[in-house]
Each structure stands twice: as C-alpha cells, then as structure tokens.
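Biologist: Please put the model up. I would like to go through it strand by strand.

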Amino acid sequence: MKQKSNRHSRFLILFFLRLFIFSIFTGKIKQNLSGQSDSALSGIEISYLDVHQGNASLIQADGRVILFDTGSYSNYPLLKKQLSKKGISHIDCLILSHPDADHMGSAASILTDYSVPVLYQSRLHKDTKAFQKLTEAIEQNQVTVHYPNTGDTLSLSRNLSAQVLSANAGSKNSDDANAASLVLRMTYGSCHFLFMSDAPASVESDILSTYDVRSDVYLVSHHGSDTANGISFIKEVGASYAVISVGKDNSYGHPDKNVLSRLKKYAQHVLRTDEDGMITITSDGKPGSLSCQTEVLSDNIKKHEKTRYLISIWFQ
C-alpha cells in the first residue's frame with residue numbers, strides 16, 4: 001500500500017513538473033511569435049516638431065531618445081525650444097535622412113549640444129557648408145557613424161526597430177539627394193510608423209513592389225509635394241494619421257492640393273505642422289489605441305504657446 005502511495009506521489013510530482021515546463025515553453029513561443037512580450041512595452045512617444053519648412057521628429061521609447069532629422073540651421077532655436085519643452089538634454093541617436101539643409105542643417109549643433117554618440121545617415125555627401133560643419137562635428141565629438149543599406153533592420157531601443165525600406169537610391173547621381181533619402185518603417189509592438197523623408201515617386205514604386213508599407217502613422221514625403229505621395233502608395237499605407245511637416249506660406253506651394261485630397265480620402269486624420277504646430281503621437285504598442293496631441297509653438301502661427309486640441313482614436 002505504501003509503495004502504491006509513493007508511485008502516486010511521484011506521478012503527481014512529475015505531472016505538475018511537466019505542466020510547469022510546458023507553460024514556460026509555450027509562453028516563450030508566444031513571446032517569440034509576437035516579437036516581444038506585452039509586459040515589456042513601456043510606451044512610445046513620437047513628436048513631429050514644427051521647424052517651419054523642414055523635417056525633425058523626436059522619438060522616445062524605452063528610455064532612449066532618437067532624433068530623425070533636424071530642420072534647417074536658421075530654425076535651430078525653434079528646435080531647441082521644443083526639445084527643452086520635452087525635457088531633452090541628451091540624445092542617444094541621430095538619424096539624418098539625406099544631406100539637404102532643411103533636414104540636416106542643425107545636425108552639427110545637435111551632435112555637440114546634446115552629446116550624441118551615434119549617427120545614422122545616407123552615404124550621399126554634399127559640398128555644402130552645413131555638411132562640412134557636420135563632418136567636423138562628427139570628428140570633434142567622436143561620433144560613431146553608420147550607413148544603413150536597403151533591407152537593414154536598425155535596433156533603436158529594446159522594443160523599437162526600424163526597417164530600412166530605401167537607402168541611397170540616388171547615390172549614382174549626386175544631385176538626386178531626395179532619391180537618396182533613408183526611408184524607415186519603425187515598429188513598436190503592433191504599431192508601425194513610416195518616415196518617407198523626401199523620397200520621390202520612383203522610390204515609392206520600388207518600395208511598394210518589395211515591402212509592406214501599412215502603417216498607423218505616416219510622415220508624408222517631401223512636405224506634401226506632388227513629386228511623391230502617389231495615390232497607390234497613400235492607399236496602401238492606410239494610415240490613421242498622416243503628418244505633413246511644412247512651413248506656413250512656403251514658396252514651394254507645399255503641400256500640393258492634389259496630395260491633400262488623396263490624404264484626406266485614405267487617411268483617417270491629416271495633420272500639418274504649419275497649422276497644428278508640434279504633433280505628438282503616443283502609443284502603448286498594443287493594437288488598442290493611439291493618442292495625438294498638437295501644440296502650437298511656432299511664431300509663424302501664433303505669438304504665444306497654445307494647446308490647440310487633443311484627439312484620440314481607438315482601433316482594432
């Protein structure tokens with residue numbers, strides 16, 4: 001009888017041990033299939049900064065700070081004002097899409113003032129004063145420089161990755177800086193953020209034939225120019241938010257009225273830095289919600305700071 005009881009006890013111990021191991025194993029499988037466990041997601045905040053006719057986006061995730069483009073040097077005080085408002089004193093990584101001044105004019109100042117250790121940039125170089133200052137700042141501050149290639153995946157934080165959809169497409173023609181733009185699709189949990197830089201329609205076509213571009217938030221190419229932002233591309237992206245970084249009453253006529261019409265048809269919300277100021281989008285990385293807040297800071301809109309509106313959407 002005692003022997004039978006021991007066998008029964010051993011059976012129960014083995015049963016629960018196997019059950020415990022199985023639960024751990026299946027939990028790991030579930031985590032690996034999703035790419036990350038839900039408990040690891042602390043949230044992401046992306047601010048599309050108002051730098052007038054230019055681009056600059058601040059990404060904060062998992063305690064890391066990334067700046068995508070800087071805007072022009074003439075608008076550096078405006079950029080610093082918004083970074084200060086966000087409490088930024090150090091930047092972990094700077095990404096420069098291409099060497100046009102309205103995207104990287106303040107890069108040298110950013111590297112120096114914010115002690116940036118890592119820089120990602122296009123391979124295309126330009127013989128300009130802004131690019132020369134950048135080269136000097138890289139050397140003086142001992143910045144580590146990376147040159148991404150199309151198809152690469154950049155690890156920007158514990159839970160934030162960026163797939164390079166295009167890089168250096170115009171490198172054979174030094175005048176084609178827009179085609180050389182770094183195009184990134186960032187992923188945080190189940191949310192995707194598309195950064196098109198100034199990529200033209202030809203690059204959009206190449207990307208569509210190869211990559212998944214569906215995204216929750218879409219930084220519209222080239223300030224809403226009609227040299228990009230084709231209807232097929234916008235429709236495929238299917239964004240909840242389309243963001244246009246553009247200067248008020250700019251001489252280029254950005255954003256193009258036809259591009260605006262397409263965006264309003266295929267995106268749930270269309271926001272513009274010339275009208276809405278700094279646009280901040282937050283997410284917990286889960287397929288539950290995105291929230292968006294806009295705040296007018298720029299003198300080209302109002303003389304004083306003002307919170308314009310708060311909008312939230314919930315989607316499945």
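Biologist: Which residue in β14 is the bridge partner of Ile44?
Modeller: Note that this model is predicted; local features need pLDDT of at least 70, side-chain atom pairs count only at pLDDT 80 or more, and totals for chains, interfaces and linings use all residues. Residues are numbered from 1 along each chain as its sequence is written, and side-chain values use heavy atoms, with hydrogens and water left out. Strands β1 (residues 44-48) and β14 (residues 278-283) pair in the antiparallel sense over 5 bridges; two strands pair if DSSP finds at least two bridges between them. Within β14, the partner of Ile44 is Ser283.

Biologist: Which residue in β2 is the bridge partner of Tyr48?
Modeller: β1 also joins β2, through 5 bridges. These two strands run antiparallel. The partner of Tyr48 in β2 is Ser57.

Biologist: How many of the residues of strand β1 are buried?
Modeller: Buried means under 20% relative accessible area, exposed over 50%, partly exposed in between (1.4 Å probe, protein chains only). Strand β1 is largely enclosed by the rest of the structure. The count of buried residues in β1 is 4 of the 5.

Biologist: How many helices and strands does the protein chain have?
Modeller: Helices (H or I, at least four residues) and strands (E, at least two) are DSSP runs, numbered from the N terminus. The secondary structure of the protein chain comes to 9 helices and 16 strands.

Biologist: What average pLDDT does the protein chain have?
Modeller: pLDDT is the predictor's confidence in each residue, from 0 to 100. In the protein chain, 79% of the residues score at least 70. The average is 86.

Biologist: How many contacts beyond near neighbours in sequence does the stretch of residues 24-39 have?
Modeller: Contact means heavy atoms within 4.5 Å. Over residues 24-39 the pLDDT is below 50. For residues 300-316 the pLDDT also stays under 50, and the model has 53 contacts there beyond four places in sequence. For residues 24-39 the number is 7.

Biologist: Which residues of strand β4 are buried on the side facing away from Cys93 and Ile95?
Modeller: In a regular strand the side chains alternate between the two faces of the sheet. Both faces of β4 (residues 93-96) are covered. Cys93 and Ile95 are buried on one side.

Biologist: Through which helix does the chain cross from β3 to β4?
Modeller: β3 and β4 run parallel, joined by 3 bridges. The β-α-β crossover is right-handed: with the strands pointing away from the viewer, the path from the first strand over the helix to the second runs clockwise. The helix is α2 (residues 76-85).

Biologist: What is the bridge partner of Ile95 in β5?
Modeller: β4 and β5 pair in the parallel sense over 4 bridges. Phe68 stands opposite Ile95 in β4. In β5, the partner of Ile95 is Tyr120.

Biologist: Which residues have the most contacts inside the largest nonpolar core?
Modeller: A nonpolar core is a set of buried Ala, Val, Leu, Ile, Met, Phe, Trp, Tyr and Cys residues joined through side-chain atoms within 4.5 Å. The largest one has 33 residues. A second, separate core of 28 residues includes Val65, Leu94, Leu111 and Tyr114. In the largest core, the residues with the most contacts are Tyr48, Ile95, Met186 and Phe193.

Biologist: Is Asp62 buried or exposed?
Modeller: Asp62 lies in the loop between β2 (57-61) and β3 (64-68). Its phi is positive, about 55°, although Asp62 is not a glycine. At 15% relative accessibility, Asp62 counts as buried.

Biologist: What relative accessible area does Ser115 have?
Modeller: Ser115 is found in the loop between α4 (107-113) and β5 (118-121). Ser115 also has a positive phi, about 50°, without being a glycine. The residue is partly exposed, at 49%.

Biologist: Which peptide bond is cis, with omega near -5°?
Modeller: Look at the loop between β12 (241-244) and α8 (257-266), where Pro255 lies. The cis bond runs from His254 to Pro255.

Biologist: What distance separates the C-alpha atoms of Leu78 and Val51?
Modeller: Leu78 lies in helix α2. Leu78 is buried, with a relative accessible area of 12%. Leu78 and Val51 are 27 residues apart along the chain, and their C-alpha atoms are separated by 6.5 Å.
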